[in-house]
Amino acid sequence: FEVIPSKTNFLFASHKTMNAAKIMESLRAKGIIVRHFSKPKIDKYLRISIGTDDQMARLIEALKAL
């Protein structure tokens, strides 16, 4: 993943080969909510809010499974 530097409680991340909207759909099917905006310049990115350690561990495991 490419992650844009952030000073907020969320990250914008994109994957070189996987479509962001499809990643979002796969994560939502597992109960993990991330945001995707279909607007120019950010349509390749997911907005991932920072959660608890357990939530972030679930996200990482779900992303690895993709």
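Visitor: What should helix α2 span, and how far apart are its end C-alpha atoms?
Guide: In this predicted model, α2 covers residues 53–65, and at 1.5 Å a residue its 13 residues should span 18 Å. The end C-alpha atoms are 18 Å apart, which agrees with that expectation.

Visitor: Which residues of α2 are buried?
Guide: The buried residues in α2 are M56, L59, A62 and L63. They cover an arc of only 125° around the axis, and therefore lie on the same side of α2.

Visitor: What covers the buried residues of α2?
Guide: The cover includes α1, residues 20–29, and β4, residues 46–49.

Visitor: Turning to pockets, what volume does the largest pocket have?
Guide: Its volume is about 200 Å³.

Visitor: Which residues line the largest pocket?
Guide: The lining consists of G31, I32, I33, V34, I48, S49, I50, G51, Q55, M56, R58 and L59. The elements that contribute two or more residues to this lining are β4 and α2.

Visitor: Which element gives the most to that lining?
Guide: Helix α2 does, with 4 residues. M56 and L59 belong to the pocket lining and are also buried in α2.

Visitor: How do the lining residues divide into nonpolar, polar and charged?
Guide: The lining of the largest pocket has 7 nonpolar residues, 4 polar and 1 charged.

Terms used
Residues numbered from 1 in each chain as written. Predicted model: local features only at pLDDT ≥ 70, side-chain atom pairs only at ≥ 80, totals over all residues. Heavy atoms only, no water. Expected span 1.5 Å × (residues − 1). Buried < 20%, exposed > 50% of the residue type's maximum accessible area, 1.4 Å probe, protein only. Arc of directions from axis to C-beta. Contact = heavy atoms within 4.5 Å. 1 Å grid on protein atoms, 1.4 Å probe; cavity = no way out; pocket = protein on both sides within 12 Å on 5 of 7 lines; lining within 4 Å. Points joined across faces, edges and corners; volume = space filled by probe spheres on them. Nonpolar A, V, L, I, M, F, W, Y, C, P; charged D, E, K, R; others polar.
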